[in-house]
Amino acid sequence: MSRFFSLRRLWALLTKETIQMRRDRLTFAMMLGIPLVQLMLFGFAINTDPKSLPAALVAPTQDRFTRAMVTALELTGYYRFIVPDATATEAEEMIASGEVAFVVTVPSDFGRRIERGDRAQILIEADATDPSVASGAISTLSTVAQGALLREAGTEIAANEATNHGLSVIVHRRYNPEGVTQYNIVPGLLGVILQLTMVMMTAMALTREIERGTMENLLAMPVTPLEIMLGKIIPYLAVSAAQVTVVLLAARLIFGVPFVGSLALILAGVFVFVLALVILGYLISTVSRTQMQAMQLTFFFFLPSLLLSGFMFPYRGMPGWAQMLGEILPLTHFLRLIRSVMLKGADAATVAPTFAALWAFVFGLALIALLRFRRTLD
């Protein structure tokens with residue numbers, strides 16, 4: 001047998017590693033699962049030019065010129081008028097809550113001005129909390145609307161008058177008039193940082209007990225699974241408080257992100273979100289047997305959250321199935337909450353559905369974690 005190299009020794013090591021990989025099924029699944037998730041998300045779900053954006057139309061007199069313009073906007077693929085007969089009050093509530101991305105307001109004398117050859121105006125209000133969402137749709141406005149009116153007029157005289165007087169499209173980029181990217185990114189970074197650190201640290205807490213062999217001492221104590229879970233997650237709530245303070249101060253003092261809404265409402269949302277995260281991390285720890293497995297599961301959850309929540313890519317640009325997956329991620333709802341409160345000044349009633357979704361995550365994950373903890377220990 002060679003001292004420097006032996007095929008028998010190499011074969012024995014390969015056999016040993018193969019057996020070890022078969023035993024560590026979770027790691028093997030991650031090796032196949034993560035590339036598959038990346039392929040599916042980047043290949044099908046990611047779209048940097050979102051279309052079919054929900055819009056509301058405020059038009060007291062919907063004449064043929066208004067209908068022609070609305071049809072032309074829909075044919076661009078960017079606009080989808082889900083409320084074609086909204087009032088000004090209804091439209092304001094919908095854009096504030098994020099139900100629509102655009103509000104198109106057509107004055108009552110719009111058609112008469114076109115027929116007389118006067119300068120006609122329309123108002124487009126865009127939700128610019130995410131500047132990338134509105135940019136493509138706004139760039140098509142003037143040309144498309146002008147062409148639609150010329151076709152509807154149908155005569156050379158009307159075309160010459162429209163050319164001389166023109167159509168004035170007034171665009172209001174609501175909540176972020178200058179299109180500053182930091183106003184959208186920095187509040188979202190708070191959620192991303194909290195998710196990465198809170199889930200990972202909590203997931204490794206109980207797993208560390210198992211690896212070090214101290215779980216038996218913990219089980220010998222007269223404590224319930226609920227007490228063990230609370231004892232593991234409460235210290236990390238204090239850690240999250242320090243992170244939140246740093247990020248919010250940096251957002252205001254360094255990046256100049258406006259704080260339009262209530263700070264108390266922001267902190268309440270952060271508390272519920274962090275509570276859901278630490279319970280999720282605890283749930284991961286009941287599945288993992290090693291700290292490496294806990295870290296792998298954390299990143300397996302972190303990747304879809306980063307891509308499907310609307311942080312990196314426009315949420316409305318994703319297909320329907322990807323948006324449905326995004327709805328089951330806590331980060332999606334937290335981003336809606338913090339952006340609505342910080343940038344739009346939303347009140348408690350407006351973000352109540354988001355709070356309800358986050359609390360549903362808290363109670364649902366806590367129930368599964370407690371049930372899973374008992375089965376694991378048995």
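**Reading the sheet and a nonpolar patch**

Reader: How many strands form the open sheet, and in what order?

Author: Strands are DSSP runs of E with at least two residues, and helices are runs of H or I with at least four, each numbered from the N terminus. Two strands pair if DSSP finds at least two bridges between them. Here five strands make an open sheet, ordered S2-S1-S3-S4-S5, with mixed pairing. Strand S2 (79-83) and strand S5 (167-174) are the edge strands, each pairing on one side only.

This is a predicted model: local features need pLDDT of at least 70, side-chain atom pairs count only at pLDDT 80 or more, and totals for chains, interfaces and linings use all residues. Residues are numbered from 1 along each chain as its sequence is written, and side-chain values use heavy atoms, leaving out hydrogens and water.

Reader: How many bridges join S1 to S2?

Author: Strand S1 (residues 53-58) runs parallel to S2, joined by four bridges. Leucine 53 stands opposite tyrosine 79 in S2.

Reader: Which residues make the nonpolar surface patch?

Author: Nonpolar side chains (Val, Leu, Ile, Met, Phe, Trp, Tyr) are joined within 5 Å, like charges within 9 Å. Areas come from the Shrake-Rupley method with a 1.4 Å probe; for residues, only the protein chains shown count as cover. In this model Leu36, Leu39, Met40, Phe44, Trp321, Leu325 and Ile328 make a patch of about 730 Å². Helix H2 (25-45) and helix H14 (320-327) each supply at least two of its residues, and H2 gives the largest share, four.

Methods. Patch = residues over 30% accessible without salt bridge, like charges linked within 9 Å, V, L, I, M, F, W, Y side chains within 5 Å. Salt bridge = Lys/Arg side-chain N within 4 Å of Asp/Glu carboxyl O.
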